[in-house]
Amino acid sequence: MARVVVHVMPKAEILDPQGQAIVGALGRLGHVGISDVRQGKRFELEVDDSVTDAALAEIAESLLANTVIEDFEVTRERQ
């Protein structure tokens with residue numbers, strides 16, 4: 001068994017209104033020195049050894065990320 005982590009983030013050229021709202025809130029709360037926040041998603045999948053890296057990439061690309069506006073990274077962690 002392995003835990004697979006898929007991180008999905010907006011592409012660099014895509015505006016991130018949620019991240020910008022967080023930056024504004026941090027400033028209002030007195031936290032200085034933070035100029036940018038990008039908000040993304042993290043998915044954790046428990047898979048057995050029969051699930052290939054290619055299958056995981058297909059799952060991420062077809063279901064977990066909108067590849068028009070998001071990038072993703074798949075990491076397999078042994079337990």
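Gly19 is buried, with a relative accessible area of 0% (buried means under 20% relative accessible area, exposed over 50%, and partly exposed in between, using a 1.4 Å probe and protein chains only). This glycine sits in helix H1, residues 17-28; helices here are DSSP runs of H or I with at least four residues, strands are E runs of at least two, and both are numbered from the N terminus. Skip the residues up to four places away in sequence, and Gly19 touches Val37 and Gln39, where contact means heavy atoms within 4.5 Å.

A quick word on what you're looking at: this is a predicted model, in which local features need pLDDT of at least 70 and side-chain atom pairs count only at pLDDT 80 or more, while totals for chains, interfaces and linings use all residues. Residues are numbered from 1 along each chain as its sequence is written, and side-chain values use heavy atoms, with hydrogens and water left out.

Now zoom out to the whole chain. It has two helices and three strands, and reading from the N terminus they come in the order β-α-β-α-β. The radius of gyration is 16 Å, well over the 12 Å that the globule rule gives for 79 residues, so the chain is more spread out than a compact globule. That radius is taken over C-alpha atoms, and the rule is 2.2 Å times the number of residues to the power 0.38. Along its principal axes, the C-alpha trace spans about 50 × 30 × 15 Å. Of the 79 residues, 22% are buried. Take the contacts between residues at least 6 apart in sequence, and 72% of them join residues at least 24 apart.

As for the surface, the chain exposes about 5500 Å², with carbon and sulfur atoms supplying 56% of it; the areas come from the Shrake-Rupley method with a 1.4 Å probe, and for residues only the protein chains shown count as cover. On the charge side, there are 8 positive and 14 negative side chains, and the centres of the two sets lie 5 Å apart. Lys and Arg count as positive and Asp and Glu as negative, leaving out His and the chain ends, and each charge is placed at NZ of Lys, CZ of Arg, CG of Asp or CD of Glu.

Val51 is in the loop between strand E2 (41-47) and helix H2 (53-64), and it is partly exposed, at 22% relative accessible area. Beyond its neighbours within four places in sequence, Val51 is in contact with Leu56 and Arg76. Val51 and Ala2 are 49 residues apart in sequence, yet their C-alpha atoms are 9.6 Å apart in space.

Ala65 belongs to the loop between H2 and E3 and counts as buried at 9% relative accessibility. Again leaving aside neighbours within four places, Ala65 is in contact with Val8, Ala60, Glu70 and Phe72.
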